[in-house]
Amino acid sequence: MILFDIEQFLDLTNYATDIRKDRRKSKEVNSQEFFTPYSIVKRMCDKVSDEDWSDPKKTFLEPSCGNFQFILCIVWNRIQHGVDWKTALKTCYGLDLMADNIEEGKQRMHIMLSQICPDYSRQVASRIMNKNFVCANFFEWDFENWRSYT
Ligand SMILES: C[S@@+](CC[C@H](N)C(=O)[O-])C[C@H]1O[C@@H](n2cnc3c(N)ncnc32)[C@H](O)[C@@H]1O
């Protein structure tokens, strides 16, 4: 049996985030991008109770999710607490202003789920993620109805 650790999935060294940030600056887009390293994500997620992680009815929202550092850790924790991967994904929501961050996050989620969930389906995961993880401005987003105001 292969044992996985969340740290390997939250390793940011292979992502060209600084290059993207510089490119945006040159176009005068200030997106304030800094992706939270594993150690801090873990410390914050450790504040959530076991009861909340394991409750399939709880929902989680990351309104400026970047390339999914927190989203990955949330879904990971849900699965570790006995929630099935589809429910873990369906109950997690994320927004980011930058389309490339959302796309990178989705790819990272596929990598993690395909390695830790024996019954993972790329098609099912994509369907859920396309609804729950969107490129949008949170100032213009109707969170209750999960759609744009405009
Ligand atoms: C400091 S980064 C944090 C990313 C992630 N939460 C993390 O901790 O790794 C801030 C993120 O917010 C996004 N962002 C900035 N303004 C936003 C807005 N109005 N609506 C949605 N996302 C926004 C940026 O694109 C960027 O990815």
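Among contacts in the protein between residues at least 6 apart in sequence, 74% join residues at least 24 apart, two residues being in contact if their C-beta atoms, placed from the backbone, lie within 7 Å. The model is a predicted one, in which local features need pLDDT of at least 70 and side-chain atom pairs count only at pLDDT 80 or more, while totals for chains, interfaces and linings use all residues. Residues are numbered from 1 along each chain as its sequence is written.

The protein has 8 helices and 5 strands, where helices (H or I, at least four residues) and strands (E, at least two) are DSSP runs, numbered from the N terminus. Read from the N terminus on, these elements follow the order α-α-α-α-β-α-α-β-α-α-β-β-β. Of the 150 residues in the protein, 25% are buried; a residue is buried if 20 or more other C-beta atoms lie within 10 Å of its own, exposed if 12 or fewer, and partly exposed in between, with C-beta atoms placed from the backbone.

On one pairing, 3 bridges join strand 1 (residues 60-62) to strand 2, and the two run parallel; here Phe 60 has Cys 92 of strand 2 as its bridge partner. Strand 2 also pairs with strand 3 in the parallel sense, over 3 bridges, and Asp 96 has Cys 135 of strand 3 as its bridge partner. Strands are said to pair if DSSP finds at least two bridges between them.

Between strand 1 and helix 5 lies a loop that holds Phe 68. Phe 68 has a phi near 85°, a positive value in a residue other than glycine, and this residue is buried, with 28 other C-beta atoms within 10 Å. Helix 5 is mostly covered, with 10 of its 12 residues buried, among them Phe 70, Leu 72, Trp 76 and Arg 78. After helix 5 comes Gly 82, with a positive phi near 90°.

Gln 69, which lies in helix 5, is buried, with 21 other C-beta atoms within 10 Å. Although Gln 69 and Leu 10 are 59 residues apart in sequence, their C-alpha atoms are 6.1 Å apart in space. Leaving aside residues up to four places away in sequence, Gln 69 touches Leu 10, Phe 35, Thr 36 and Val 41.

Gln 69 also belongs to the surroundings of the ligand, where 19 residues are found, the closest being Thr 36, Ser 64, Gly 66, Gln 69 and Leu 97; a residue counts as near if its C-beta atom, placed from the backbone, lies within 6 Å of the molecule. Helix 5 and strand 2 (92-96) each supply at least two residues of this shell. By class, the shell has 9 nonpolar, 8 polar and 2 charged residues, where Ala, Val, Leu, Ile, Met, Phe, Trp, Tyr, Cys and Pro count as nonpolar, Asp, Glu, Lys and Arg as charged, and the others, Gly among them, as polar.

Helix 7 (residues 99-116) has 18 residues and reaches 26 Å from its first C-alpha to its last, close to the 26 Å expected at 1.5 Å a residue. Its buried residues are Asn 101, Ile 102, Glu 104, Gly 105, Met 109, Met 112 and Leu 113. Because they cover an arc of only 165° around the axis, they are on the same side of helix 7, the arc being that of the directions from the helix axis to the C-beta atoms. These buried residues pack against helix 1 (6-9), helix 5, helix 6 (85-90), strand 2, helix 8 (122-132) and strand 3 (133-135), whereas the face turned away from the buried side carries the exposed residues Ala 99, Gln 107 and Gln 115.

Asp 52, in helix 4 (residues 50-54), is partly exposed, with 13 other C-beta atoms within 10 Å, and is 26 residues from Arg 78 in sequence but 8.8 Å from it in space, C-alpha to C-alpha. Trp 146, in the loop between strand 4 (141-142) and strand 5 (147-148), is partly exposed, with 13 other C-beta atoms within 10 Å, and has a positive phi of about 50° although it is not a glycine.

How values were computed
The expected span of a helix is 1.5 Å times one less than its number of residues.
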